[in-house]
Each structure stands twice: as C-alpha cells, then as structure tokens.
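Trainee: Please pick one part of this model and walk me through it slowly, along with whatever it touches.

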Amino acid sequence: MNDHPWIGVDVILVNEEGKILLMKRAEQSKTFPGRWCISGGIVEWGETAEDALKREAKEELGVDIEVVRFVGRYYDGPDRHPTKTMFALPHICKIVSGEPKANQPEEVADVKWFTPEEVRELEMAYDHKQMLEDEGLI
C-alpha cells in the first residue's frame, strides 16, 4: 500500500451543561462502523484547519461553529487507523447556529450529547477518547 500522511481535524463540542456531542458512525462505514466519535474529517487541498472544521461541522452535523482553541496534535498510524496515516488536529469549538442532527446518513447514523461519565463507558472510534481524556473533558 502506498501511504502518505493525511491531515485531519476534529470538532470537539461541549455544551453549557458539560455534555459532549458525539456522532455514531454509520454501519456501512469502512472504519469503525457503529462506533461513537467526534465530528471531523480530512483537510482538503488549499483549505485551512479552521475552514475544514467549519465545513465538517456543517456537513456532518448541520451546525455552524466558532473555533475556540487548538487542543493538540495526534498521530494515527496503522495501529489506530486501518486505512491511513493521519495527523489529527482537534479543536474545542462552540455551536453558533443550528441544531445538531445526523446530516449525512451515509456517514452519520446518530448524534447525541453525552455526559463525561457516559463517554468514559463508550468504545469510541480512532483516538477520540484519548483526546477527550487529555483535555480533561472525561
């Protein structure tokens, strides 16, 4: 397999009650079908990380967001991401308009707010649980 690094972004959304918004991957997803995860995706050519965050939130969740701050850099190699070598750039964001919903049924089966305690019990996709732990959200 010819591999090259991809750049991804992750939209971490926490509401006023401290609940974390997660989306459930569709059952037909190539990677981690049916698992809960943070919204996000790959940065497209010529796009900034902020633009990618806003685009992914709109596409997957149907919401407009404001980027609050950068969280850190994460690496997903073959042991964590079965199809790509990925550098992920998660950001804390907030919803500025819209109500979250599963906007892309072919990719997103469900969207739900979880308490930190509930998130700790989930088997999540990628390294998203680690991101939330590192940020002190769960």
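Mentor: Let's begin with Arg55, which has its place in helix α1 (a helix is a DSSP run of H or I with at least four residues, a strand a run of E with at least two, numbered from the N terminus). Keep in mind that this is a predicted model: local features need pLDDT of at least 70, side-chain atom pairs need 80 or more, and totals for chains, interfaces and linings use all residues. Residues are numbered from 1 along each chain as its sequence is written, and side-chain values use heavy atoms, with hydrogens and water left out.

Is Arg55 buried or exposed? Its relative accessibility is 16%, so Arg55 counts as buried (under 20% is buried, over 50% exposed, in between partly exposed, with a 1.4 Å probe and protein chains only). The side chain of Arg55 makes a polar contact of 2.9 Å with the side chain of Glu56 (N or O atoms within 3.5 Å, one able to donate a hydrogen and the other to accept it; sequence neighbours count only through side-chain atoms on both sides). Leaving out residues up to four places away in sequence, Arg55 touches Ile42, Val43, Glu44 and Glu47 (contact means heavy atoms within 4.5 Å).

Helix α1 also holds Ala49. With a relative accessible area of 25%, Ala49 is partly exposed. Beyond residues up to four places away in sequence, Ala49 touches Val9 and His91. Arg73 is 24 residues from Ala49 in sequence, and their C-alpha atoms are 12 Å apart.

Now for the largest pocket, which holds about 660 Å³ of space (an open set of 1 Å grid points where a 1.4 Å probe fits, with protein on both sides within 12 Å along at least five of seven lines; lining residues have an atom within 4 Å of a point). There are 31 residues in its lining, and Arg25, Gly40, Gly41, Ile42 and Tyr126 are the closest to its centre. Helix α1 (49-61) gives two or more residues to this lining, and so do β1 (5-13), β2, β4 (39-42) and β7 (85-97). By residue type, the lining of the largest pocket has eight nonpolar, 11 polar and 12 charged members.

You'll find Tyr126 in the loop between α2 (116-121) and α3 (128-134). Although Tyr126 is not a glycine, its phi is positive, at about 50 degrees. Tyr126 is also buried, with a relative accessible area of 19%.

Strand β7 contains Thr85, which is buried at a relative accessible area of 13%. Thr85 and Asp64 are 21 residues apart along the chain, and 28 Å separates their C-alpha atoms.

Strand β2 belongs to an open sheet of three strands, in the order β3-β2-β8 with antiparallel pairing. β3 (36-37) and β8 (108-114) are the edges: each has a single partner strand, so one side of each has no neighbour in the sheet. Two bridges join β2 (residues 20-25) to β3, and Met23 stands opposite Cys37 in β3.

Last, the loops at either end of β2. Asn15 is in the loop between β1 and β2, and it is buried at 17% relative accessible area. The side chain of Asn15 reaches the backbone nitrogen of Glu17 at 3.0 Å. In the loop between β2 and β3 sits Phe32, a residue other than glycine with a positive phi near 50 degrees.

Methods:
Two strands pair if DSSP finds at least two bridges between them. Grid points are joined across faces, edges and corners, and a volume is the space filled by probe spheres set on the points. Ala, Val, Leu, Ile, Met, Phe, Trp, Tyr, Cys and Pro count as nonpolar, Asp, Glu, Lys and Arg as charged, and the others, Gly among them, as polar.
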